[in-house]
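Here are my notes on this one, point by point. Have the viewer open while you read.

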Amino acid sequence: MASFETFLPPNNSVQIKNSGIMGYDVPEGVDIRGRYDPEFSKILTRDALQFVADLQREFRNHIKYALECRKEAKIRYNNGGLPGFDPTTKNIREREWVCAPVPQAVADRRVEITGPVERKMVIDALNSGAKVFMADIEDSLSPSWENLMRGYINLRDAVNGTISYHDQARNIVYKLNDQTAKLFVRPRGWHLPEAHVFIDGEPATGCLVDFGLYFFHNYANFRKTQGQGFGPFFYLPKMEHSREAKIWNNVFERAEKWAGIERGSIRATVLIETLPAVFQMNEILYELRDHSVGLNCGRWDYMFSYLKTFQAHPDRLLPDRVQVGMAQHFMRSYSDLVIHTCHKRGVHAMGGMAAHIPIKDDLKANEAALEFVRKDKLREVRAGHDGTWVAHPGLIPTCMEVFNNSLANDPNQIHSMKRQDASVLSEEDLLQKPIGVRTMEGFRLNTRVGIQYLANWLTGLGCVPLYNFLEDAAVAEISRVQIWQWLKYEAELDGDVRGVKVNLELFGRVVEEEMARIEREVGTEKFMKGMYKEACRLFIKQCTAPVLDDFMTLDAYNYIVIHHPIGSSRL
Ligand SMILES: CC(=O)SCCNC(=O)CCNC(=O)[C@H](O)C(C)(C)COP(=O)(O)OP(=O)(O)OC[C@H]1O[C@@H](n2cnc3c(N)ncnc32)[C@H](O)[C@@H]1OP(=O)(O)O
Ligand SMILES: O=CC(=O)O
Ligand SMILES: [Mg+2]
């Protein structure tokens, strides 16, 4: 068996290589350092890059400031402070106001399917029978140059209606049906740079590249074919404060003005998936009131954010991640307050993702998984959610049936489920510590899943099925931060074993044993060819870092940045 040291990180990880420009026609101040491809150059046109560069120049200082404010808030929480409602914005919370009316095209969002912007999946998702497809450049996409560029091409072809995919092995050509789901696009969060696009000597902001290139190429067609005069539509991830929503609102207004379309054409649903943001929901909607179509419960990142916000609060260690479900008081309160807030402001309150996926080789286990999802969706629709998320087409019939039974012919519950009872939810309700235990099995699962997820991410897969659950960046983050926190405070396991303290020695042993298990499960050939050892080193580094990294994917990103022309893509 390999020793723990085998998996420790090397002194220096993959270095960003020097660049050269080849082929792309770039405007002043823009440098493309990703691989040249004639297909990519149809997206990276001079005018499109100029549009992105203008956004970057106009908003970069606002973004830097917002990220600085996140750091200040972190210091406050690390010094014992708690997030809470902001007394200075009380009047926004208490005054009567509503967001712009919901466009007809997206009034009914009872089931939304999500998935990375991979070509075949985009077609499957649009054809799936769901009302909406959230095409994801975020939690479920490893943001390699190849994945991103192909993703932008796929989105363009999807909006044009010309997207097709030839599966050589099956000799089937996949195309769009006449009826398709409405397309929403989720760009990356504010924190992620795009290291293949330099603007004025600095990496561009990832989400401005995602938004800018997608908007530039698609706004006109989208409004004709998808949005009934509105659009494009977006999901906005991982915000912590309304000042970040204000930047998005300004980006939208800037884009609308540039395109010569009416203010309020672009619409976005904001994921409430950080703990600080739950206290800012009215403020976020207020900033985006002309561009909003609601909020969504991003429950996995929300749990990650709870862990991260309370990283220095040993009195708030979470139990095993499988025990932190929506029935926990703080999670239920969060969902209820999302519903109350959205409906008061006249927009959708979208539910979240149950991580269960269909199980192919075990009928009984599959039935149990579907039953779990059915109950989760029943809770959501009864609570007042207007729609929900599925990660797999196989879950659509179950979720559709649950929502159809409750909504019948109404497109949503915005005006029928006000949830006044939730208006009294307090800071204590939203922060209440969850009940549960910490187990050795939970510790092992965190290790096994965290390493495997990273190994996949490093080879270009941002969402993978592991042990019959979907694992994406948000879910894997929970594993990482939980191990970091248990190690930091030498948490005592109190479930399947008692009195065992989590320390470096235990972690080392668990890593070795779980790596051996992973090798057995995936097979030695795949294990050797894959990135499991690199992932393991990275995971250990992150779990044992003296200071918690804000995001696992920020550090890991350095491993997938490949500058042109030196070296070729590993993906
Ligand atoms: C916390 C969050 O942020 S959640 C939102 C972000 N995460 C996601 O969107 C996850 C999206 N889902 C997925 O990536 C996948 O479903 C996984 C990784 C969970 C499971 O993948 P697999 O095990 O490969 O799925 P499986 O083999 O059962 O797929 C069966 C078929 O459904 C298709 N499919 C699976 N998931 C999706 C999807 N989300 N959208 C469209 N098609 C899909 C597959 O392409 C496949 O098609 P085929 O039979 O013609 O080849
Ligand atoms: O993005 C969704 C989440 O749960 O995180
Ligand atoms: Mg998320």
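1. Start with the largest nonpolar core, which has 137 residues. The members that touch the most others are Leu183, Phe211, Trp248, Ile272 and Tyr334. Helix H6 (residues 206-225) is the top contributor to this core, giving ten residues. Keep in mind throughout that this is a predicted model.

2. Tyr334 deserves a click. Leaving out residues up to four places away in sequence, tyrosine 334 touches Ile272, Val278, Cys297, Gly298, Arg299, Tyr302, Met326 and Leu430. One of these, Ile272, is also on the list of core residues that touch the most other members.

3. Now the metal. Which residues coordinate the magnesium ion (ligand 3)? Asp139 (OD), Glu273 (OE) and Asp301 (OD) do, at 2.0 to 2.2 Å. Along the chain, the spacing of these donor residues reads D-x133-E-x27-D. Aspartate 139 sits in the loop between strand S3 (132-136) and helix H5 (145-160), and glutamate 273 in the loop between strand S10 (267-272) and helix H8 (275-278), so this pair ties together parts 134 residues apart in sequence. Are aspartate 139 and glutamate 273 buried or exposed? Both are buried.

4. On to ligand 1, which is surrounded by 27 residues, the closest being Thr114, Lys120, Lys360, Ala391 and His392. Strand S2 (111-116), helix H4 (119-126) and strand S14 (464-466) each put at least two residues into the shell around this ligand.

5. For the polar pairs, look at the oxygen atoms of ligand 1. An oxygen lies 2.7 Å from a polar side-chain atom of lysine 360, and for aspartate 139 the corresponding distance is 2.9 Å. Aspartate 139 is also one of the magnesium donors. In arginine 186, a side-chain N or O atom is 3.1 Å from an oxygen of the ligand. As for cover, ligand 1 taken alone exposes 960 Å², and the protein buries 80% of that.

6. Last, a lysine to check. Lysine 377 belongs to helix H12 (residues 363-383). Why does lysine 377 count as buried? Because its relative accessibility is 0%, and buried means under 20%. Its side chain makes a polar contact of 2.9 Å with the side chain of threonine 388. Not counting residues up to four places away in sequence, lysine 377 touches Arg299, Gly352, Met353, Ala354, Thr388, Trp389, Cys399, Val402 and Phe403. Arg299 is also among the residues that tyrosine 334 touches.

Methods. Residues numbered from 1 in each chain as written. Chains lettered and ligands numbered in written order. Predicted model: local features only at pLDDT ≥ 70, side-chain atom pairs only at ≥ 80, totals over all residues. Heavy atoms only, no water. Core = buried A, V, L, I, M, F, W, Y, C linked by side-chain atoms within 4.5 Å. Buried < 20%, exposed > 50% of the residue type's maximum accessible area, 1.4 Å probe, protein only. Helix = DSSP H or I, 4+ residues; strand = E, 2+ residues; numbered from the N terminus. Contact = heavy atoms within 4.5 Å. Donors = N, O, S within 2.8 Å, 3.2 Å for Na, K, Ca; no water. Near = heavy atom within 4 Å. Polar contact = N/O pair within 3.5 Å; in protein donor to acceptor, adjacent residues only side chain to side chain. Areas by Shrake-Rupley, 256 points an atom, 1.4 Å probe, with all protein chains shown as cover.
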